[in-house]
Amino acid sequence: MPSENKEYFYLQPKEEAAMKVLWNTEDALSASEIAQRIENRSWPASSIQGILRNLEKKGAIKVEAITKLGKSYGRLFRPSMSANEYAVMQFLRYYQPEKSDCYAMLSSLLGSACIAQEEIIASLQELLEEHQKKEDT
């Protein structure tokens, strides 16, 4: 679940490309490592610094460490939220519970998932059990 104190933000395409790199690695990465790992990058690697500044302002990334990179020092970045948390943030911006049929929405989400039906059922049962435990306490 996303943090309740996160303000809504939207990722521009270049920001999203940088975030995808960070979401797909366990390691904190330097700006140059992020730029190098962006597939089909058509813009100069030097513009990654501005992109990372914007992501920091939005609260999408955080500085994990400052370390020696070659002959100078540089920052290592890590995402502040998961890709799923970002997706939920986007969803919640448009979701209108008073106008939506919850069952139709869930059916649409599950129907578009590339997951076996048995896995979906097991996951839903697990979520229901967790929700029930929270209500019982």
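These are my notebook entries on a predicted model of one protein chain.

I number residues from 1 along the chain as its sequence is written, and I work with heavy atoms for side-chain values, leaving out hydrogens and water. Since I have a predicted model, local features need pLDDT of at least 70 and side-chain atom pairs count only at pLDDT 80 or more, while totals for chains, interfaces and linings use all residues.

**Overall layout**

I listed the secondary structure and got six helices and two strands. For me, helices are DSSP runs of H or I with at least four residues and strands are runs of E with at least two, numbered from the N terminus. Read from the N terminus, the order is α-α-α-β-β-α-α-α.

I then asked for the surface. The chain exposes about 10100 Å², and carbon and sulfur atoms supply 51% of that area. Areas are from the Shrake-Rupley method with a 1.4 Å probe, and for residues only the protein chains shown count as cover.

Of the 137 residues, 24% are buried. My cut-offs: buried is under 20% relative accessible area, exposed is over 50%, and partly exposed is in between (1.4 Å probe, protein chains only).

Next I took contacts (heavy atoms within 4.5 Å). Among those between residues at least 6 apart in sequence, 50% join residues at least 24 apart.

**Helix H1**

Which residues of H1 are buried? I found Glu15, Ala18, Met19, Val21 and Leu22. They cover an arc of only 155 degrees around the axis, so they sit on the same side of H1. The arc is taken over the directions from the helix axis to the C-beta atoms. The cover over these buried residues includes helix H2 (31-37), helix H3 (48-58), strand E1 (61-69) and E2.

**Helix H4**

I checked the length of H4, residues 83-94. Its twelve residues should span 16 Å at 1.5 Å a residue, and the end C-alpha atoms are 18 Å apart, which agrees. The expected span is 1.5 Å times one less than the number of residues.

The buried residues of H4 are Tyr86, Met89 and Gln90. Their arc is only 95 degrees around the axis, so they too are on the same side of their helix. As a reminder to myself, an α-helix has 3.6 residues a turn, so residues three or four places apart point the same way. The buried residues of H4 pack against H1.

Serine 82 is partly exposed at 32% relative accessible area. How far apart in space are serine 82 and leucine 22? I get 9.3 Å, C-alpha to C-alpha, for two residues 60 apart in sequence.

**Salt bridges**

My search of the whole structure gave four salt bridges. The criterion is a side-chain nitrogen of Lys or Arg within 4 Å of a carboxyl oxygen of Asp or Glu. I wrote up these entries:

- Glutamate 16 and lysine 20 meet at 3.3 Å, N to O. They are four residues apart in helix H1, so about one helical turn separates them. Glutamate 16 is partly exposed at 28%, and lysine 20 is partly exposed at 44%.
- Arginine 75 and glutamate 56 have their closest N and O atoms 2.9 Å apart. This pair links distant parts of the chain, with arginine 75 in strand E2 and glutamate 56 in helix H3, 19 residues apart. Arginine 75 is partly exposed at 28%, and glutamate 56 is partly exposed at 28%.
- Arginine 78 and glutamate 64 meet at 3.1 Å, N to O. Here arginine 78 in strand E2 is linked to glutamate 64 in strand E1, 14 residues away. Arginine 78 is partly exposed at 24%, and glutamate 64 is partly exposed at 42%.

I found a nonpolar surface patch made of Tyr8, Tyr10 and Tyr94, with about 360 Å² of accessible area together. Patch residues have over 30% relative accessible area and no salt bridge; like charges are joined within 9 Å, and nonpolar side chains (Val, Leu, Ile, Met, Phe, Trp, Tyr) within 5 Å. Tyrosine 10 is in the segment before helix H1 (13-23) and is partly exposed at 46%.

Last entry: asparagine 40. Its phi is positive, about 55 degrees, although asparagine 40 is not a glycine. I placed asparagine 40 in the loop between H2 and H3, where it is exposed at 76% relative accessible area.
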